[in-house]
Amino acid sequence: MAAEPVNVNEFQELARQALPKMYYDYYAGGAEDQHTLRENVEAFHRITIRPRILVDVSRIDLSTTVLGHKISAPIMIAPTAMHKLAHPEGEVATAKAAAACNTIMILSYNSTCTIEEVASSCNAVRFFQLYVFKRRDISAKLVERAERSGYKAIVLTVDAPRLGRREADIKNKMVAPQLKNFEGLISTEVSSDSGSNLEAFANTTLDASLTWKDITWLRSITKLPILIKGVLTREDAIKSLEVGVDGIVVSNHGARQLDYAPASISVLEEVVHAVGGKIPVLFDGGIRRGTDIFKALALGAQAVLIGRPVVFGLAAKGEYGVRRVVNMLKDELELTMALSGCPRVKDITRNLVSTQRERLQSML
């Protein structure tokens, strides 16, 4: 009997043992040289915590709110594709785990359970992630279904006009299953002799002409708040404010799109400063420890999104595995807060962390 994991990283090895190589590589891999994939995690190692002592931390409150929805901790479930490749219950298991942990799940447009199946599986706040298709009617239909099924926000992914080059998927000739959200709308079966049929499907269906003006189109078809996911620069944060989005997710798509894009954590503060508190900034990319969450919150994120660890937990142990991953991160965050002198999330302020840049400047 394998030992029970004691941290989130250990779920990755369990997932590797549980999954066929093609699927494990699909979830674990990044673009090209995978430089950004490594940096997403390693950039956290260069941020240190400046703990405060002799603060009453006998009671720690992890709860926070995102877009007015109260959640048990500033930890949300990122949109990740095709959960049935990880576990037969797919996104329904992930949704039940999110509900049990009292947090928000963002359902991927590329889910293997339908928008409606996930909505009816349990009672919880959910957001829906959208890509814009060349055929706008398909995107509009997905938004309408999400709104009708009680999803509370649309998270528009904006960093994938084309799919990044994921070489493991090309080598493995990665095959995507028929995606149930598109039944009756579009075929997801594309033949591609030269590698990943996922890439072939994306490149034939996704709209590479998408621009800022299309946010107005999206606003015209839904009353839901719109967040945009994939912002990495001050300039794009300012543009986001100008077009009137309701929130930003700082993200490099789990390092699956542009290799040598910056690690998400290294640009979080730049985006937070540009936004100036006008809308919430969420964070995505490389979270593996409670200390990572603490650092992201100190640099201005309202909450973090967890992607790969959730999928690895699902692959290893189903719904229970996802709950364990979220609860491990909650426990580690709670301990980090106690040891840093922060009884509440709002006590996690900028002066509690030191970045590499600050340490270098202090030497000058």
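**Group meeting: a helix pair and a loop**

Tyr24, Tyr27 and Ala28 in α2 meet Arg308, Val311 and Phe312 in α13; contact here means heavy atoms within 4.5 Å. The residues of this contact divide into five nonpolar, no polar and one charged, where Ala, Val, Leu, Ile, Met, Phe, Trp, Tyr, Cys and Pro count as nonpolar, Asp, Glu, Lys and Arg as charged, and the others, Gly among them, as polar.

This is a predicted model, in which local features need pLDDT of at least 70, side-chain atom pairs count only at pLDDT 80 or more, and totals for chains, interfaces and linings use all residues. Residues are numbered from 1 along each chain as its sequence is written, and side-chain values use heavy atoms, with hydrogens and water left out.

Next, the loop. Histidine 253 lies between β9 (247-250) and α11 (264-275); helices (H or I, at least four residues) and strands (E, at least two) are DSSP runs, numbered from the N terminus. The UniProt annotation "active site", from an unreviewed entry, covers His253; such annotations may be inferred rather than shown by experiment.

Is histidine 253 buried or exposed? Histidine 253 is buried, with a relative accessible area of 11%; buried means under 20%, exposed over 50%, partly exposed in between, with a 1.4 Å probe and protein chains only. Its side chain makes a polar contact with the side chain of aspartate 159 at 2.7 Å, that is, a pair of N or O atoms within 3.5 Å, one able to donate a hydrogen and the other to accept it; residues adjacent in sequence count only if both atoms are side-chain atoms.

Glutamine 257 is in the loop between β9 and α11 and is buried, at 11% relative accessibility. The side chains of glutamine 257 and arginine 166 are joined by a polar contact of 3.0 Å.
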